[in-house]
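Please read the numbered points beside the model.

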Amino acid sequence: MDKLVIEGGLPLEGEVPVSGAKNAALALMAATLIAGGKHRLDHVPRLRDIRTMELLLEHMGAVCHHNDHLVIDTGNIHCLEAPYDLVKTMRASVMVLGPMVARFRRARVSLPGGCAIGARPINLHLKGLEQLGVGIELDHGYVVAKADRLRGAVIPFDQVTVTGTENLMMAATLAEGVTVLRNAAREPEVVALAEYLRRMGAQIRGEGTSEIVIEGVKELVPASFRVIPDRIEAGTYLVAAGITGGNLKVTGCRPEHLDAVMGKLELAGMTFQVSGDSIQATGTGQIRSINLKTWPFPGFPTDMQAQFMALMCLGNGVSLITEQIFENRFMHVLELKRLGADIELDGRSAVVKGVRGLSGAPVMATDLRASASLVLAGLAAEGITEVNRIYHLDRGYEAIEKKLSAVGARIWRERGV
Ligand code: EPU
């Protein structure tokens, strides 16, 4: 298995370009199923999760060509099933449920199991579909969804769910009448999906607020769309500047998607200059310990919690970090401790006492953002850090070692057997 080797201690300087957003691209790819024909997506990152979604769409009969851009032809879908083998490697596969039910009125999708960051049920996706008139049964580990017709409904979510909002927004585009999603997710990825569906002919308003209204139409047509920049990748590179006391210009991003992240990093002692689509991030070398709670957008994202914790490991005092979205998203804690961090877990909170320095060691992580936090810690640690199991990083960070090398990091990939 491949690993990343990092020789830490160098301040990073230069420009880092941001790739297209994984989580936006995955939803857009699922959405191509709603309208049969050729769709074109630009700025799709080259990532393992994207390849998994391509494999899933191909399994269903779509034809995918991924060169400079991604063309997906969904004109000949002949299999309405998302098999266990693909869903178990990527939970986002459940996002094909809404589009398939919308267009074909039936679908069979493997139930995702537990995951490294929490139980992550899909009960709210299924309850919402039932409210649209879809019959749901569980059969040998699969969700079997069937409907004669889909009827618009008022759907209040008990909890904010990103892919749940996306799945139901997609299903409702072809329902009869009006659907109102209340307590909807406001993430930029949801907004991008709404824009794409509108290009296909859907009638949607309110995206970006907690109430999304969808007026069903009879049919959608294929469309083109450019994937929004990855705010989590951008945020990870902002922290890279802070943790190394460096100076990075993060380019091709949407600074307004990073307000909460920049706000917290400023309190932690970093400075930012925003100009158009780039952010100049400067780490002063003095890291202030501050408290953090994760929230749905526009709050501080759970997908940046692990990276922020890496920074707090080197803070000047004590930081209390509370994870409010997932119940088990602290898999990075024991690994950060192997690098010399002082962290105590207390339920959904971590108490991080800043230390003077971290020291390199072999580490590994069981999820994507946890792995990113180990890379960041490794960039700041004295000596050599080996990050193992980097297939997690390859799921969500395009060319991470190339981008970091280009700004002065000593980091390289070693191929395993
Ligand atoms: N939840 C339920 N029932 C549901 C759906 C969600 O109880 O039916 C709970 C979850 O267990 C969790 C909370 O609601 O406690 C929020 O989960 P959400 O549904 O919003 O998460 P998701 O849609 O499965 C997406 C991203 C995640 C990101 C979260 C939160 C995609 C493909 N994934 O997941 O991204 O952490 O939203 O922002 O969009 C990552 O990129 O590393 C990643 C994990």
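1. A polar contact is here a pair of N or O atoms within 3.5 Å; within protein, one must be able to donate a hydrogen and the other to accept it, and residues adjacent in sequence count only if both atoms are side-chain atoms. A polar side-chain atom of Gln159 is 3.2 Å from an oxygen atom of the ligand; for Lys22 the distance to a ligand oxygen atom is 3.1 Å, and for Arg329 it is 3.4 Å.

2. The model is predicted: local features need pLDDT of at least 70, side-chain atom pairs count only at pLDDT 80 or more, and totals for chains, interfaces and linings use all residues. Residues are numbered from 1 along each chain as its sequence is written, and side-chain values use heavy atoms, with hydrogens and water left out.

3. Around the ligand are 22 residues, counted as near if one of their heavy atoms lies within 4 Å of it. Asn123, Thr161, Thr163, Asp303 and Ile325 come nearest.

4. The shell draws at least three residues from each of domain 1 (3–19 + 229–414) and domain 2 (22–226), with bounds from an automatic or database domain assignment. Helix H5 gives the largest share, three residues; helices are DSSP runs (H or I, at least four residues), numbered from the N terminus.

How values were computed. Helices (H or I, at least four residues) and strands (E, at least two) are DSSP runs, numbered from the N terminus.
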